[in-house]
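Take a walk through this protein model with the structure open beside you.

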Amino acid sequence: MTASLDDVSAAREIEDLSISISGIKPEMSFIVAVSLALAILPPTEGRTKVLLVSMDGFRHDYLNKTETPNFDSLRSGGVSMVYMDNSFVTNTFPCHYTMATGLFPESHGIIGNQMYDPDLHATFNMSSTEPFWWEGGEPIWITARKAGLKSGVFSWPGGDVEIFNLRPTEWRPFSDSTTFENRVSTVVSWMSEKDFDLGLLHFPEPDLAGHYFGPDSEEIISAIQKMDTLLGLLIDELNKAGLKDKIDLIVTSDHGMTKVDLFNQVIDLSQYVNETLLQRVADEEAVANLLPQPDLQVMLKEDIPERYHIKNNRRVMPVVAIAEEGWTITNNLTLLQQSPMKGSHGYDNGILNMKPIFLANGPSFKSGAIVPPIQSVDLYTLVCHILKIKPMPNNGSLERILPLLRNSSSMMNWNIVTVLLGTFVLLVFSKIV
Ligand code: ZN
Ligand code: ZN
């Protein structure tokens, strides 16, 4: 007889608990571990699937700009919030990896879209797939695989990397050029025919429209409408595949977008810094990571506010410059001004324009509820909770996600039962020994 997936995760829990119970006879420790595991694991009847969709650069207020019937029905039948609090730097790779790992960038190590690692003398860009860049954290698709589940990742940063010697069951690279409609049908077939438990799906819009035309343009409105139509297609295909009551759909994004002016709001580093004193500019635009020559003893990294959760990582350079919203830092003014860019992001994650959307709909979520903002670090905890798998240590909060969940009150009761049962088992056991 083969063990079911639930048996596998229960066994993992038991293993972990056995390690932490010391000073108890081995045969008894097993009984206690089993009792505790049964007490701690939530009920496992039926496993809801999760599809996490990121529409890149979807600012929290974009849905107010035009008619969005499909987003509206997703929102009215599920949960939404005014915005989701995301992580700093508000760029694509760090924000997506925070969502996937539940860790702040200083812990997962993807601190920018471009990075320099001073210990390894290595340079990172958005095509870098060497595992060492990514192994500061464990993404949800690997946690799911370790629990015996099937996961698919379409074009999500890190999805095409071998992490701790594991990969998703299926994946497509970030650079994939498949049409949006084909992305939808591929992921729906993963979740239905192939019976995957978890899917992550990334679309590069409306970020591109935001960059090229700005967040207040006509073109951004077309991009929002296009994403609304696409969401409608996704929901239709999931319903046709019979997944309506079996899947939780989460639609969110990595960051927002703000207007930039590359001629009148530019910080040209050459005007402020003697460039012979700079060894390297590891990243620029909204945030510049500067590695000065050793004789330039400026250690502004120490002064980065704690709330950014970025400074405790060696890939953050000793000098970091953060621009005000709308300003652009450059090390090459001529090159920058050849760019048609009208919008950008990367700024302080406390700025409203940097915050993304969040909507979720499915059997695990309340219906028609507007809830307080969660943080992007909470998504990992949320997905682990729905899939009933054990999360790795992370920066997320179960308390912050409870208001989203349909059974949050019964879950609270279950937590109380867990504590009572665990205490009871320990009391009985202490009498036995
Ligand atoms: Zn992005
Ligand atoms: Zn972008």
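Two strands pair if DSSP finds at least two bridges between them. Strands of a sheet pair through backbone hydrogen bonds, either parallel or antiparallel. Helices (H or I, at least four residues) and strands (E, at least two) are DSSP runs, numbered from the N terminus. This is a predicted model, where local features need pLDDT of at least 70 and side-chain atom pairs count only at pLDDT 80 or more, while totals for chains, interfaces and linings use all residues. Residues are numbered from 1 along each chain as its sequence is written, and chains are lettered from A and ligands numbered from 1 in the order in which they are written.

Start with the sheet. It is open and has 8 strands, in the order β6-β5-β7-β1-β8-β16-β2-β17. The pairing is mixed. At the edges are β6 (170-172) and β17 (369-370), and each of them pairs on one side only.

Now look at single pairs. Strand β1 runs parallel to β8 (residues 247-252), and 6 bridges join them. In this pair, Val50 stands opposite Asp248. Strand β8 also pairs with β16, this time antiparallel, through 4 bridges. There, Leu249 has Asn361 as its bridge partner in β16. Strands β2 and β16 run antiparallel too, joined by 2 bridges. Val79 has Ala360 as its bridge partner in β16.

How well is β16 covered? Both of its faces are covered. Phe358 and Ala360 lie on one side, Leu359 and Asn361 on the other, and all are buried. A residue is buried if 20 or more other C-beta atoms lie within 10 Å of its own, exposed if 12 or fewer, and partly exposed in between; C-beta atoms are placed from the backbone.

Next come the helices. Helix α3 (residues 69-76) lies across β2 (79-80), β8 and β16 (358-361), and runs at about 65° to β16. Axes are lines fitted to C-alpha atoms, for helices over the stretch in contact, and angles run from 0 to 180 degrees between N-to-C directions. The axes of α3 and α10 come within 7 Å and cross at roughly 55°. The two helices are therefore oblique to each other. Angles under 35 degrees count as roughly parallel, over 145 as roughly antiparallel, 65 to 115 as roughly perpendicular and the rest as oblique. Pro69, Asn70, Phe71 and Leu74 in α3 meet Asp228, Leu231, Gly232 and Ile235 in α10. Residues are in contact if their C-beta atoms, placed from the backbone, lie within 7 Å.

Helix α10 (residues 218-240) has another neighbour, α8 (residues 180-191): their axes come within 10 Å and cross at roughly 25°. That makes α8 roughly parallel to α10. In α8, Phe180, Glu181, Val184, Ser185 and Val188 meet Leu230, Leu233, Leu234, Glu237 and Leu238 in α10. By class, this contact has 7 nonpolar, 1 polar and 2 charged residues. Here Ala, Val, Leu, Ile, Met, Phe, Trp, Tyr, Cys and Pro count as nonpolar, Asp, Glu, Lys and Arg as charged, and the others, Gly among them, as polar.

Glu181 and Leu230 are 49 residues apart in sequence, yet 7.1 Å apart in space, C-alpha to C-alpha.

Helix α4 (residues 92-101) is mostly covered, with 10 of its 10 residues buried. Its cover includes β1 (49-55), α5 (105-108), α7 (140-146) and α12 (378-387). Just after α4, Gly102 takes a positive phi of about 75°.

Finish with the backbone in the loops. Phe88 and Val89 are joined by a cis peptide bond, with omega about 5°. Val89 sits in the loop between β2 and α4. Another cis bond runs from Glu205 to Pro206, with omega near 10°. Pro206 lies in the loop between β7 (198-203) and α9 (207-213).

Ser155 is not a glycine, but has a positive phi of about 65°. Ser155 is buried, with 23 other C-beta atoms within 10 Å. Asp195, in the loop between α8 and β7, is not a glycine either, and its positive phi is about 55°. With 9 C-beta neighbours inside 10 Å, Asp195 counts as exposed.

Methods: Two residues are in contact if their C-beta atoms, placed from the backbone, lie within 7 Å.
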